[in-house]
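This report describes the strands, helices and metal site of one protein model. The sequence and structure come first, and the description follows.

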Amino acid sequence: MINRLTTLNRHIIEEERRIPGATGQLSDLLGDIALACKVVSLEVNKAGLIDILGLTGDENVQGEEVKKLDVYANETLKNIMRIGGHACALCSEEEETFVPIDEVYSDYSHKYIVHFDPLDGSSNIDANISIGTIFSIYKRLSISGPGTIEDCLQHGYKQVAAGYVVYGSSTIMVYTAGRGVHGFTLDPAIGEFFISYNNLMIPKKSKTYSVNEGNYAKWSKGMQNYIDYLKQFDKETGRPYSSRYVGSLVADFHRNLLYGGIFLYPADGKNKNGKLRLMYEANPLAFLVEQAGGLAIDGKNRILDIHPSSLHQRTPLIIGSYEDVLIAKKFLEKD
Ligand code: AHM
Ligand code: MG
């Protein structure tokens, strides 16, 4: 039974309290991320007004530079986490390399590494389509000082927490700290996230697939055969499937998490490793989906087991309902 008045902060603190020896730093860090996303949410909601109010060009009415939303989101997350003092390195899809943070900024032991995609699906902003922020948290390996590249390049299975915020018809934050997946909806009037989903589980089998089918001609035979299979009539296996593709990973993933579904961004003739990023997109969503009883693979292997060799590494991503991903794997393994 959910207590409807449970706020995100209270939930995070109660979750961490159950871990022996926990210091509360992870709770604080998740709180910092939530705060940054509230700021971003406010700005996302104002995005459409920029043209109407004549705020285009280089300066807004206060004489401040009007920043592109993805740059704004990146800076907001970086600044809030730097001041928060719990991270020793920040890795962003918008930065060329990781941003090391010195202990000088912190009264705490700044023991975490955070990877984030500040504004995923940003090409959708002008069309008022849902976009999102994705984050992933690791413990540092080094003992002290600013984080190192080795701290930043850890396997996905080492994540201690991950989540996303979707800026849609409402703003929703979904996170896991390794004990289930929980979702919270922002009440914009008071600026609080309230629990809306406790222990989310993704349906084991679905009737929906999400893929950019315009790439069909560039796919492998196995991938083409799988999508053809989903479109054939077969009552027993629930085919044909419906197709749903927003083109914002967070939005497609969130819908599939709630209703069941399989999302695919495979390798193709042009993009040998697919399009999506292992550290900023695939790993955090893979951690979430596994916690929710689903599966995430690159076609053959589990996403969380992939050895990362660079921060911006790409990977094919097949993610969603457990049984659907297993069926896709059978097709893709034949390639
Ligand atoms: P981005 O991080 O530059 O926004 O790109 C990632 C986005 C995902 O949100 C989405 O799933 C995918 O790119 C869509 O790609 P495509 O337009 O090729 O279908
Ligand atoms: Mg992205």
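In the hairpin of S7 and S8, which residue takes a positive phi? Gly 191 does, with a phi near 70°, and the hairpin has four residues between its strands. The model is a predicted one.

## The eight-stranded sheet

Eight strands make up an open sheet with mixed pairing, in the order S2-S1-S3-S4-S5-S6-S7-S8. Strand S2 (99-100) and strand S8 (192-197) each have a single partner strand and stand at the edges, so one side of each is left without a neighbour in the sheet.

Two of the antiparallel pairs can be described by their bridges. Strand S5 (residues 161-167) pairs with strand S6 (residues 171-176) over six bridges in the antiparallel sense, and Gly 163 is placed opposite Tyr 175 of S6. S7 and S8 also run antiparallel, joined by five bridges. In that pair Phe 184 stands opposite Ile 195 of S8.

Helix H4 (residues 69-84) lies across strand S1 (87-92), S2, S3 and S4. H4 runs at about 160° to S3.

## Helix pairs

The axes of helix H1 (residues 8-17) and H2 cross at roughly 160° and come within 9 Å. H1 and H2 are therefore roughly antiparallel to each other, and H1 passes H2 in a right-handed crossing. On the H1 side the contact is made by Leu 8, Asn 9, Ile 12, Ile 13 and Glu 16. On the H2 side Gln 25, Leu 26, Ser 27, Leu 30, Gly 31 and Ala 34 take part. By class, six residues of this contact are nonpolar, four are polar and one is charged.

H2 also meets H4. The axes of H2 and H4 come within 9 Å and cross at roughly 155°, an angle that therefore makes the two helices roughly antiparallel to each other. The crossing of H2 past H4 is right-handed. From H2 the contact takes in Leu 29, Asp 32, Ile 33, Leu 35, Ala 36, Cys 37, Val 39, Val 40, Glu 43 and Val 44. They meet Leu 69, Tyr 72, Ala 73, Thr 76, Leu 77, Ile 80, Met 81 and Gly 84 of H4. The residues of the contact of H2 with H4 divide into 14 nonpolar, two polar and two charged.

## The magnesium site

Which residues are the protein donors of the magnesium ion (ligand 2)? They are Asp 117 (OD), Asp 120 (OD) and Glu 281 (OE), and they lie 1.9 to 2.1 Å from the ion. The spacing of the donor residues in sequence is D-x2-D-x160-E. Asp 120 belongs to strand S3 and Glu 281 to helix H8 (residues 278-291), so this pair ties together parts that are 161 residues apart in sequence.

Strand S11 (residues 262-265) and strand S13 (residues 317-320) run antiparallel and are joined by four bridges. Leu 264 has Ile 318 of S13 as its bridge partner.

## Backbone features in loops

Arg 239 and Pro 240 are joined by a cis peptide bond, with omega about 5°. Pro 240 is found in the loop between helix H6 (221-231) and strand S10 (242-243).

Asn 128 is not a glycine, yet it has a positive phi of about 65°. The loop between S3 and S4 holds Asn 128.

Conventions:
Residues numbered from 1 in each chain as written. Chains lettered and ligands numbered in written order. Predicted model: local features only at pLDDT ≥ 70, side-chain atom pairs only at ≥ 80, totals over all residues. Heavy atoms only, no water. Pairing = 2+ DSSP bridges. Contact = heavy atoms within 4.5 Å. Axes fitted to C-alpha atoms, helices over the stretch in contact; angles between N-to-C directions. Parallel < 35°, antiparallel > 145°, perpendicular 65-115°, else oblique. Left-handed = near helix turned anticlockwise from the far one by under 90°. Nonpolar A, V, L, I, M, F, W, Y, C, P; charged D, E, K, R; others polar. Donors = N, O, S within 2.8 Å, 3.2 Å for Na, K, Ca; no water.
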